[in-house]
Amino acid sequence: MPTSTGVARVERDPDRPSAVTLHVNGVPSSYVDLDDPGLLAFEYMQQMAAVVDELAPGPLRVLHLGAAGCSMPRWVEHTRPGSTQLGVDLDARLLELVRAWFDLPRAPRLRLRPDDARHAVEGLADASWDVVVRDVFAGDRTPDHLVTLGMAAAVHRVLRPGGVYLVNCADRPPLTLVRRELATLAAVVGEEAWAEGRLAAVAEPAQLKGRRYGNVVLVAVRAGDGAPDLAGPGLGRALRSLAVPARVLAGDELRSFVGSAAVLRDPEPVATPDTGPDLRDEDGDPAAPRPGAGGGAPRP
């Protein structure tokens with residue numbers, strides 16, 4: 001089916017009749033089992049879920065930047081009943097299709113908004129979200145304006161104290177982008193975050209050693225009550241127990257891994273008129289994107 005940014009295709013899983021893979025512009029973007037919303041097939045999503053499980057029990061307010069097929073929102077709804085979620089994706093038509101195709105929670109439990117990811121975050125209220133998930137790609141990389149200090153600061157502002165920012169970072173050896181994004185997150189959450197276990201990188205051991213292209217989950221926690229200890233034994237144990245075991249880097253080990261990596265900063269602003277379409281979410285709230293690439297392009 002044509003979408004606002006390309007083409008979407010749904011492919012059934014021959015081994016699981018109730019499950020499909022959503023391909024966006026030829027790239028596997030989401031795996032959805034209509035009979036099992038608690039199933040997360042992509043390994044990086046399982047790793048993100050392990051981090052979310054470290055938060056206190058009960059409903060959450062979760063912002064998803066790069067909604068695609070809404071696998072993570074369905075999982076949150078299943079494991080945290082009563083949660084309130086917002087899914088943001090640049091592709092307005094894709095959001096219409098996945099709402100029609102998949103068994104998604106209805107608004108206000110899950111609202112879907114066509115918008116640029118950064119523009120959406122900058123329009124949200126302070127301390128309004130427990131979890132922010134960034135899973136945005138254009139081709140095989142995240143758009144530049146979503147990896148900078150300015151973006152990290154915007155997310156930090158909308159997180160509640162103790163809230164968690166989860167980043168899907170795809171990188172190649174020697175993991176230069178991973179290191180620079182971690183340095184950027186550290187510049188926002190504070191120098192004490194290293195020692196307090198509020199910064200982490202999660203992936204398969206071979207991926208953390210920079211042996212191949214793949215996904216690394218970066219985690220940054222805003223200081224405050226209820227903040228999970230990413231360096232504690234609970235998260236490490238949960239990650240080792242996954243079908244594909246993963247490892248967490250935190251504390252001094254993470255600081256050594258990041259080394260002298262430079263913070264990613266926004267370029268000097270250039271004045272341009274905002275001529276984007278007047279996009280609105282399902283409740284009719286304005287959600288006009290800024291020009292440029294943003295949330296919802298295919299992920300690796």
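These questions and answers go through a predicted model and the terms used to describe it.

Q: How do you know how confident the predictor is in this chain?
A: The pLDDT averages 90 over the chain, and 90% of the residues score at least 70. Residues 287-300 are below 50. That stretch still has 70 contacts in the model beyond near neighbours in sequence. Where pLDDT is low, the predicted coordinates should not be read in detail.

Q: Why is Cys-70 called buried?
A: Buried means under 20% relative accessible area. Cys-70 has 0%, so the word applies. Cys-70 sits in the loop between S4 and H2.

Q: Why is Asn-25 called partly exposed?
A: The term covers values between the buried limit of 20% and the exposed limit of 50%. Asn-25 has a relative accessible area of 37%, so it belongs there. Its place is the loop between strand S2 (16-24) and S3.

Q: What makes the phi of Asn-25 worth a remark?
A: Most residues other than glycine have a negative phi. Asn-25 is not a glycine, yet its phi is positive, about 55°. Cys-70 also has a positive phi, near 65°.

Q: What makes H1 largely enclosed by the rest of the structure?
A: Nine of its 10 residues are buried, so H1 is largely enclosed. Among the buried ones are Tyr-44, Met-45 and Val-52. The cover includes H2, strand S7 (129-134), strand S8 (159-171) and helix H8 (233-240).

Q: Why are S4 and S5 said to pair?
A: Pairing needs at least two bridges. Strand S4 (residues 61-65) and S5 have five, so they pair. The sense is parallel. Arg-61 stands opposite Thr-84 in S5. Strand S5 (residues 84-89) is mostly covered, with five of its six residues buried.

Q: How do you know where empty space is left inside?
A: Rolling a probe the size of a water molecule over the atoms shows it. The search finds four cavities of 30 Å³ or more.

Key
Residues numbered from 1 in each chain as written. Predicted model: local features only at pLDDT ≥ 70, side-chain atom pairs only at ≥ 80, totals over all residues. Heavy atoms only, no water. 1 Å grid on protein atoms, 1.4 Å probe; cavity = no way out; pocket = protein on both sides within 12 Å on 5 of 7 lines; lining within 4 Å. Points joined across faces, edges and corners; volume = space filled by probe spheres on them. Buried < 20%, exposed > 50% of the residue type's maximum accessible area, 1.4 Å probe, protein only. Helix = DSSP H or I, 4+ residues; strand = E, 2+ residues; numbered from the N terminus. Contact = heavy atoms within 4.5 Å. pLDDT = per-residue confidence, 0-100.
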